[in-house]
Amino acid sequence: DGIQTCILDGQGTRRILWVDGTDVSKLTIKGIRFHRGTRTGTYYGGGGIDMENGAKVTLEFCALTSCSAFQGGAIYIFTDTTLTIYTTSFTSNTATNNNKGDDIYNGGNLAIFDSCPEGFTGLPDEGEPLKTAGSLAFGSLNSFTSGSCSICPLGKDRPTDWHDPNSASTCEICSIGKFRSEIVADCTICNAGKYNDNDNSDALLHTECVACAAGKHLQDQGTTIASHDSEDDCTSCTAGKYSAVAAPSCTDCPKGTYLADNGSDPTLHNDVSDCTSCPAGKYSEQVGGTSCTDCGQGKYVQTTGSISETQCDTCPIGKHN
């Protein structure tokens, strides 16, 4: 449906997409139709997509139609750039320079797979490339359309060896520490503040990750599986700090308060209300306080929650502390 509903139309007057690897090292494009993209004159090409400077692009479920350029009517792959294609069609594209690739002009690295990308299953061939880097001559590529793909259920993904011809075309439950909650996503490591310790027995338990309890935190931003595969990865807040559920970090208690417990009991760190106001005669000038400071000799403060020594008044004549 995405090919029909999301269209980038060059209207026959402009190139649609230029990917410069200097700024974008890797780009995945899903479900987009590039239509009537044009590069006029004797420029290199790529009316639909022009790739340069080490760019790495993956196309999934896309369509390139009625694009034109001097060479590489739909796509131009410049030296040291890489294009990987799954389940994408090319129709009615034209290179005005004869035999220079109506659909694709490959000057870099190109692989077109007759298989579904990760997160999908359904084709009998598990991914032997139709054309790989170096094997596609600088010429016209026949219009390519692969078969239908079925979306893996949430909580599942294609096997990690899905491109292996000997791999079964089935969906597998996300591994421990990962989840998949969106149709367009792959199994992903849990976000900060969350974990998933399920042993791959139930896909429903991998549609989302479990939030760390209030009073705890998990800082890793989804980069390391081992940091999200157990409830023990959630660390208790230390003295002077508190957190809500699914917290990536703990928050300092405000000035004028303190929290003495050093993480032995997370239930003592699950809300700002666990930060106790400094009693009369004391103050706390710093956030994250673990204790309060006494007003100096001969000084006092009657209110609670004082945030500065300047709030301590000198005892009146005839009195002392």
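Four strands, in the order β1-β4-β7-β11, make up an open sheet with parallel pairing. At its edges sit β1 and β11 (89–91), each of which pairs on one side only. On average, neighbouring strands of this sheet are turned by 10 degrees against each other, direction ignored. Keep in mind as you browse that this is a predicted model.

Let's look inside the sheet. Strand β4 (residues 33–35) and strand β7 (residues 63–65) run parallel and are joined by 3 bridges. If you want a landmark in that pairing, find Phe34, which stands opposite Leu64 in β7. As background, strands of a sheet pair through backbone hydrogen bonds, either parallel or antiparallel.

Now to the aromatic rings. The count comes to 2 aromatic pairs. Here they are side by side:

| Pair | Distance between ring centres | Angle between planes | Class |
|---|---|---|---|
| Tyr76 and Phe78 | 6.1 Å | 35 degrees | tilted |
| Tyr76 and Tyr105 | 5.1 Å | 5 degrees | stacked |

Why is the pair of Tyr76 and Tyr105 stacked? The planes of these two rings are at 5 degrees, and planes under 30 degrees apart count as stacked.

For Tyr76 the relative accessible area is 5%. Phe78, at a relative accessible area of 27%, is partly exposed.

Gln11 is not a glycine, although its phi is positive, at about 55 degrees. Gln11 is found in the loop between β1 (7–9) and β2 (17–20). Asp80, also not a glycine, has a positive phi of about 60 degrees. The loop that holds Asp80 runs between β9 and β10 (82–86). Is Asp80 buried or exposed? With 52% relative accessibility, Asp80 counts as exposed, because the exposed class begins over 50%.

Methods
Residues are numbered from 1 along each chain as its sequence is written. This is a predicted model: local features need pLDDT of at least 70, side-chain atom pairs count only at pLDDT 80 or more; totals for chains, interfaces and linings use all residues. Side-chain values use heavy atoms; hydrogens and water are left out. Rings of Phe, Tyr and Trp (its six-membered ring) pair if their centres lie within 6.5 Å; planes under 30 degrees apart count as stacked, over 60 as edge-to-face and the rest as tilted. Buried means under 20% relative accessible area, exposed over 50%, partly exposed in between (1.4 Å probe, protein chains only). Helices (H or I, at least four residues) and strands (E, at least two) are DSSP runs, numbered from the N terminus. Two strands pair if DSSP finds at least two bridges between them. Axes are lines fitted to C-alpha atoms, for helices over the stretch in contact, and angles run from 0 to 180 degrees between N-to-C directions.
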